[in-house]
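Please read it alongside the sequence and the coordinates.

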Amino acid sequence: MDCYIQGNPDAGMGTNDFHGNANVVYKDYVEYIEGIRKANPKVVIFIESTTSVTSNHQGKYLNSKNIKKLNDKMKTYCSKHKDMYFVNVSSKLNDKKGHLLKKYASDNYCHLTMAAYRIWTNQLVKFTDKLMLKEAEAKAAVAAAQKSKTEKKVKEAKKLVNKLEKSTVKSSLLKKLKKINVKKPSAPSAITSLTASDITTSSLKLTWKSVKCAGYQISMSSDESTWKSLETSYTKGNTYTVNKLNSNTEYAFRVRAYNKNSAGKTYTKWKTVKAKTDEKPRAIKITVLLPIDEGKSDTLNITVNNELVDTAEVTLSGGSYEFTTNEEYIGEIKITASLSEHGSATVTTESSECTLEVPLNGIPTLIDDND
């Protein structure tokens, strides 16, 4: 292919210019291109590949290997410069080894037949048509993104623009995309149900009806005033296990869905559920204050929820008797301490300690004010 510089019709590059190896010819080629750029800074340049020579005419410099090397270097050069395209017009003219097929050589050497020129022209038209189509698609996508201002359209446009080769068109379209102020996304549908299950003394599982969204935000509170964030961007489904909770404590939990894009997140309203953790089983320390009856002996029976848990012989001299249950209990329990020949005392408690005063006779007295 010939290229002309600054009005000089004799300045050109082609097979006749292989007066050295590919590096030498490449240097001349770049010099010509830089001359064009200097004279016409905004011009778009198409570099057509140099056609090869037939297998039986492989010269010192003008040979298929040297030509291929030049074409490869020019292709790389074009990819690094804006508004410059390398068009491989000769690939369909060569055999598997890169030599010009003899049927396309009018002189059995390097000059082309009319059939070869038709293939050459067809390759060039295909390239330019494809280039213009890609640019047209990218421009249309950018226009759609500017109109909708949605992240989806911006992403679609950017994908098409990035497929373009380095060019003024590409730079211009990327600048337009950068100026678009993307709208925040629409909020997803609200969560309609939220439950707490698998409750233990220190954990529980939250389950909600899933909605189409980018993720969920989860928080908890023990007073519904101060909320602690558990997850700000939860994307692992519609269940979440909360651990390290206090036993026998009521909590409030809330979940909301969100959509997001480069402009930020848009949330639904919170869905809240209350749940109380199980009470931790406890042994009960029981202290019985004994009456005074001249140091006499009596049998002390202690029951928990009407079940006998301890029997002991005690001296009624105003002392006390202590006993800790072997079994652990949950919730409110009833404890009774009774003397076989004297009085008894009963108390209900949710504590792990209680004190009862057993009278000589009559109505029992409660000592532990917390019970």
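What follows covers the fold, the surface and the salt bridges.

The structure is a predicted model, in which local features need pLDDT of at least 70 and side-chain atom pairs count only at pLDDT 80 or more, while totals for chains, interfaces and linings use all residues. Residues are numbered from 1 along each chain as its sequence is written, and side-chain values use heavy atoms, with hydrogens and water left out.

**Overall form**

Along the principal axes, the C-alpha atoms fill a box of roughly 140 × 45 × 35 Å.

With contact meaning heavy atoms within 4.5 Å, 60% of the contacts between residues at least 6 apart in sequence join residues at least 24 apart.

**Surface and charge**

The accessible surface comes to about 21500 Å², and 48% of this belongs to carbon and sulfur atoms; areas come from the Shrake-Rupley method with a 1.4 Å probe. Of the 371 residues, 40% count as buried. Buried means under 20% relative accessible area, exposed over 50%, and partly exposed in between (1.4 Å probe, protein chains only).

There are 57 positive and 41 negative side chains, and the centres of the two sets lie 25 Å apart. Lys and Arg count as positive and Asp and Glu as negative, without His and the chain ends; each charge is placed at NZ of Lys, CZ of Arg, CG of Asp or CD of Glu.

**Salt bridges**

A salt bridge is a side-chain nitrogen of Lys or Arg within 4 Å of a carboxyl oxygen of Asp or Glu. The count comes to five salt bridges, including those tabulated here.

| Pair | N to O distance |
|---|---|
| Lysine 205 – aspartate 198 | 3.7 Å |
| Lysine 274 – glutamate 224 | 2.8 Å |
| Arginine 282 – glutamate 279 | 2.7 Å |

Lysine 274 lies in strand E10 (residues 271–276) and glutamate 224 in the loop between strand E5 (215–221) and strand E6 (228–234), so this pair ties together parts 50 residues apart in sequence. Glutamate 224 is partly exposed at 42% relative accessibility.

Arginine 282 is buried at 9%, and glutamate 279 is buried at 14%. Aspartate 198, by contrast, is exposed at 54%, while lysine 205 is partly exposed at 27%.

Key: Helix = DSSP H or I, 4+ residues; strand = E, 2+ residues; numbered from the N terminus.
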